[in-house]
Amino acid sequence: MSDRPNCVDCAAIAPETNTSHTLISASFGWRLTRKQLKDGSYRAEWRCANCWRKHKEAAQGAESVPKQAAHGAESVAKQAAAAPARAGTTTARWFKR
């Protein structure tokens, strides 16, 4: 690959490869994302493996939804099992399949 990308966070230069697809492989671990700019256009952002890990952790920490809410169906099922459902309600019919 003649034009090697740089990491947007640490400015590291990508290793020499035949194609950019090789950078995304498990051996290199680089990641490519799109960022929407204020004008509505998009910019490609390459991140090295270390910066991708930090970027991903920061994004997960910024989520407004608690982690247990991500398991929606499991949480609903546990709550329904703990509280008796009223006969004839949608919830009661749903859990008595």
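**Entry 1: Thr-17**

I began with Thr-17, which is found in the segment before β1, where helices (H or I, at least four residues) and strands (E, at least two) are DSSP runs, numbered from the N terminus. The model is predicted, so I kept in mind that local features need pLDDT of at least 70 and side-chain atom pairs count only at pLDDT 80 or more, whereas totals for chains, interfaces and linings use all residues. Residues are numbered from 1 along each chain as its sequence is written, and side-chain values use heavy atoms, with hydrogens and water left out.

Is Thr-17 buried or exposed? I found it buried at 6% relative accessibility; buried means under 20% relative accessible area, exposed over 50%, and partly exposed in between, with a 1.4 Å probe and protein chains only. A polar atom of the Thr-17 side chain lies 2.8 Å from the backbone oxygen of Thr-19.

**Entry 2: the chain as a whole**

I then looked up the overall make-up and noted 3 helices and 2 strands, in the order β-β-α-α-α from the N terminus. The chain has 97 residues, of which 16% count as buried. Among contacts (heavy atoms within 4.5 Å) with a separation of 6 or more, 19% are between residues 24 or more positions apart.

**Entry 3: the two strands**

How do β1 and β2 pair? Strand β1, residues 31-36, and β2 are antiparallel over 6 bridges, and two strands pair if DSSP finds at least two bridges between them. I noted that Thr-33 stands opposite Glu-45 in β2, and that Gln-36 has Tyr-42 of β2 as its bridge partner. The hairpin has 5 residues between the strands, and in it Gly-40 takes a positive phi near 95°.

I also checked Lys-35, which lies in strand β1 and is partly exposed, with a relative accessible area of 41%. Leaving aside neighbours within four places in sequence, Lys-35 is in contact with Ser-41, Tyr-42, Arg-43 and Glu-45. Lys-35 and Glu-45 are 10 residues apart in sequence, and their C-alpha atoms are 7.1 Å apart in space.

**Entry 4: Arg-47**

Arg-47 sits in strand β2, residues 42-47, and I recorded this arginine as buried because its relative accessibility is 5%.

**Entry 5: core and cysteines**

The largest nonpolar core has 7 residues, namely Cys-7, Ala-14, Leu-23, Trp-30, Trp-46, Cys-48 and Cys-51. Such a core is a set of buried Ala, Val, Leu, Ile, Met, Phe, Trp, Tyr and Cys residues joined through side-chain atoms within 4.5 Å. Beyond four places in sequence, Cys-7 is in contact with Ala-12, Trp-30, Trp-46, Arg-47, Cys-48 and Cys-51.

How many disulfides are there? With a disulfide taken as a pair of cysteine sulfur atoms within 2.5 Å, I count 0 disulfides. Cys-10 is in none, its nearest cysteine sulfur being that of Cys-7 at 3.7 Å, and Cys-10 counts as partly exposed at 42% relative accessibility. Cys-51 is likewise in no disulfide, with the sulfur of Cys-48 nearest at 3.6 Å, but Cys-51 counts as buried at 9% relative accessibility.

**Entry 6: a backbone note**

Lastly I looked at Ala-11, found in the segment before β1, whose phi near 70° is a positive value in a residue other than glycine. Most residues other than glycine have a negative phi.

Terms used: A polar contact is a pair of N or O atoms within 3.5 Å; within protein, one must be able to donate a hydrogen and the other to accept it, and residues adjacent in sequence count only if both atoms are side-chain atoms.
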